[in-house]
Amino acid sequence: MNERVITKKNGMGVLLGVIIGYVAAVILLITFINLRWALGGIAVLGIVLCILWLAFGWILLCGLRTIKPQEALVLTLFGKYYGTIKEDGFYFVNPFCVAVNPAAATKLSQSGDVKGGNLAEAIAAQGGNVQAASVVSKKISLKIMTLNNSRQKINDRLGNPVEIGIAVMWRVIDPVKAVFNVDNYKEYLSLQCDSAVRNIVKIYPYDVAQGVDTTGDGVADEGSLRGSSELVASRIKDEIQSKVEEAGIEIIEARITYLAYAPEIAAVMLQRQQASAIIDARKMIVDGAVGMVEMALERLDEKGTINLDEERKAAMVSNLLVVLCGNKDAQPVVNSGSLY
């Protein structure tokens, strides 16, 4: 459906015209009543017209629309699309036009929106206790809004359950598509966010894993949810944008706000990470110890300070490795006898 933008701001002129018309109608009505015998049929016709204007002239006021910056209003006339108001100002449209916004009463988490007058909430705030229908604004916000998507439990590439939450910055760029192409564009956006997160997260392992291809090129890479969060967020953004294009929504940015293993495996995964860290640390210690032992043997051979046979070298290497690789400080043992 092609968008038709209403640009004529005739609201102030119509408002002044209605006020002037009511004042003139009152004056003319009084005049015709006073001169009804002299003017005859003309006076009667004038009186009837004045009464009709006073009774139904206010209908024109129903066509006045006030739009603030970064707001839009989609209008229909007897079920057909009439036009869209997108610029701020005071407008006059057909009094029988109806504003359409199926998502007006839907509030997304941490999402700014056009504020409507809620009579029940206003009275309750004053201490009253009434049950009244909410007056919801049909205007569509064109501002940048934030959707803080709820945390989801999803299995990663290796089948491990992880919990992930995202924040999506979005805005409506085509109000006509948002209103007519989908039933509720806010619920539609939230559903597509959930679907996109699941589609992307299952491609990546939580941490770097051997032999895993996350790009689809057939070559294993180091992509992971924890190490490539910006890349993952970018792919989630593109996935959401491709789904909400028809709803007239633009996705500006998507960010991962929470990422962790699911509680049922978090303790086990922590132990695995600790074990991996211990192994890496031990490997570094052993590599350093072996290098120090090699250096010590080379220095002894160069200076010729002491000549050791293979058995004594093996004992020396064993003692040095125990000292260098041990978790506790070595306890010296004094040998008062012969080395042999």
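These are my notebook entries on a predicted model of one protein.

**Entry 1: overall content**

I began with the totals. I found nine helices and ten strands in the protein. The chain has 340 residues, and buried residues make up 32% of them. I then looked up how far apart in sequence the contacting residues are. Of the contacts with a separation of 6 or more, 68% are between residues 24 or more positions apart.

**Entry 2: helices α1 and α3**

I looked up how α1 and α3 are placed relative to each other. Helix α1 covers residues 11-34 and helix α3 covers residues 41-56. Their axes come within 9 Å and cross at roughly 145°. I noted the crossing of α1 and α3 as left-handed. Which residues meet there? From α1 I listed V18, G21, Y22, A25, V26, L28, L29, F32 and I33. On the α3 side they meet I42, A43, G46, I47, C50, I51, W53 and L54.

**Entry 3: the nonpolar cores**

Next I looked for nonpolar cores. The largest has 37 residues. Which residues have the most contacts inside it? They are V168, W170, Y185, L189, I240, I249 and I251. I then checked which elements supply this core. At least two residues each come from β2 (71-77), β7 (145-148), β9 (161-172), α5 (175-180), α6 (185-201), α7 and β10. Helix α6 gives the largest share, seven residues. Another core, of ten residues, lies apart from the largest one, and I6, I67, L77 and A99 are among its members.

Leaving out residues up to four places away in sequence, I249 touches W170, R171, I173, Y185, L189, Q241 and V244. Three of these names, W170, Y185 and L189, are also on the list of residues with the most contacts in the core.

**Entry 4: T84**

I found T84 in strand β3, which covers residues 80-85. Is T84 buried or exposed? T84 counts as buried because its relative accessible area is 0%, and the limit for buried is under 20%. I looked up the side chain next, and a polar contact of 2.6 Å joins T84 to the side chain of Y81. Beyond its neighbours within four places in sequence, T84 is in contact with E3, R4, V5, I6, L73, V74, P175 and V176. One of these, I6, also belongs to the core of ten residues.

**Entry 5: R198**

I moved on to R198, which lies in helix α6. R198 is partly exposed, at 41% relative accessibility. Not counting residues up to four places away in sequence, R198 touches Q152, K153 and I154. I also looked up the distance from R198 to I236. The two are 38 residues apart in sequence, and their C-alpha atoms are 9.2 Å apart in space.

I placed E245 in the loop between α7 (229-244) and β10 (249-261). E245 is partly exposed, with a relative accessible area of 44%. E245 and D174 are separated by 71 residues in sequence, and I noted 9.6 Å between their C-alpha atoms.

S228 is in the loop between α6 and α7. I have S228 as buried because its relative accessibility is 16%, under the 20% limit.

**Entry 6: positive phi values**

Last, I looked up residues other than glycine with a positive phi. Q70 has a phi of about 65° and is not a glycine. Q70 sits in the loop between β1 (64-67) and β2. At 45% relative accessibility, Q70 is partly exposed.

F78 is also not a glycine, and its phi is positive, near 55°. I found F78 in the loop between β2 and β3. Is F78 buried or exposed? F78 counts as exposed because its relative accessibility is 69%, and exposed means over 50%.

Methods
Residues numbered from 1 in each chain as written. Predicted model: local features only at pLDDT ≥ 70, side-chain atom pairs only at ≥ 80, totals over all residues. Heavy atoms only, no water. Helix = DSSP H or I, 4+ residues; strand = E, 2+ residues; numbered from the N terminus. Buried < 20%, exposed > 50% of the residue type's maximum accessible area, 1.4 Å probe, protein only. Axes fitted to C-alpha atoms, helices over the stretch in contact; angles between N-to-C directions. Left-handed = near helix turned anticlockwise from the far one by under 90°. Contact = heavy atoms within 4.5 Å. Core = buried A, V, L, I, M, F, W, Y, C linked by side-chain atoms within 4.5 Å. Polar contact = N/O pair within 3.5 Å; in protein donor to acceptor, adjacent residues only side chain to side chain.
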